[in-house]
Amino acid sequence: MQSDNKRGQTPASTSARPRLFRRRRVDHVDFVVAGVQKAGTTAIHDFLAQHPHIALLRDQALHFFDKEEHFGSSPTGPFTEADYGILLGNFDPGWRWRVAGEVTADYLYYPRALERIARYNPKMKLIISLRNPVERAFSQWNMRRDKGQEPLAFLDAIKRDQEIGIWQGPRGNAYLARSLYAPQLEKVSQLFPREQVFIIKYENFRTDPFSLLDRMFDFLGVPRKSRLKNKQRNVGSYSRKLTSEEREYAGGIFDEDIAKIEALLGWDCPDWRFKTPVSARA
């Protein structure tokens, strides 16, 4: 049997070392930050990554549950058993981790992902961040525009979504479908008990992240942590602001959905609704 003992170390000290410092592998995922896109999920990831009791994936873009290549087709239904070793093998846990999680902003929007997550772990906890739907859609449009993926102006892109059918394309643009939150939350409620879901308002998170993080840590069952660093990553820097015309047109699409969200969550969201400019009221 080979030994890597260094000179001067006793057998007793070396035999104790593996038990004391051995890393415990991640054998299951306890929570996911499931969305929505352009609503602070990267910032949430960065805050959670600073907690010593939380293990996160090395690759935030793994997208395990929404990639079809991880889940084959089945003649008896949409599910086949995936190789969860791909998911679990992507963790690099610290010495003190207690809960393991994944952050993928597409999971709330992509129905199959939610079903797969519920099947993988019925006790999974979900963290969801919701943002003013018009601002969220505009931020997504800006992102795609910067990447050269969107040739159309914002209003034209929204009208295209309406023309092709809001729910037709689960990938790609989906500016409107991703911002219609009520159908997505209704899907969540069909799959997960309410006590397993933690929903935050993005605007509150931007204003005061630390009080919400305290509640988030309580929800995850880890001690609260102070002195967290706010890295302010992925804050959109746009060449222009939304125009009143764009706000009014897009806002009209989301009014009914906003009312449903207020009823579902007990929220009050006047800041999400279009306000007629003072000059237009005169």
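The model is a predicted one, with pLDDT of at least 70 needed for local features and 80 or more for side-chain atom pairs, while totals for chains, interfaces and linings use all residues. Residues are numbered from 1 along each chain as its sequence is written, and side-chain values use heavy atoms, with hydrogens and water left out.

Aspartate 66 sits in the loop between β2 (54–56) and α3 (85–88), where helices (H or I, at least four residues) and strands (E, at least two) are DSSP runs numbered from the N terminus. Its side chain makes a polar contact with that of histidine 63 at 3.0 Å (N or O atoms within 3.5 Å, one able to donate a hydrogen and the other to accept it; residues adjacent in sequence count only if both atoms are side-chain atoms).

On to the nonpolar cores, that is, sets of buried Ala, Val, Leu, Ile, Met, Phe, Trp, Tyr and Cys residues joined through side-chain atoms within 4.5 Å. The largest has 58 residues, and Phe64, Phe65, Ile128 and Leu130 have the most contacts inside it. Leucine 130 touches, among others, Tyr181, Ile199, Trp267 and Trp272, leaving aside residues up to four places away in sequence (contact: heavy atoms within 4.5 Å).

Definitions and conventions
Buried < 20%, exposed > 50% of the residue type's maximum accessible area, 1.4 Å probe, protein only.
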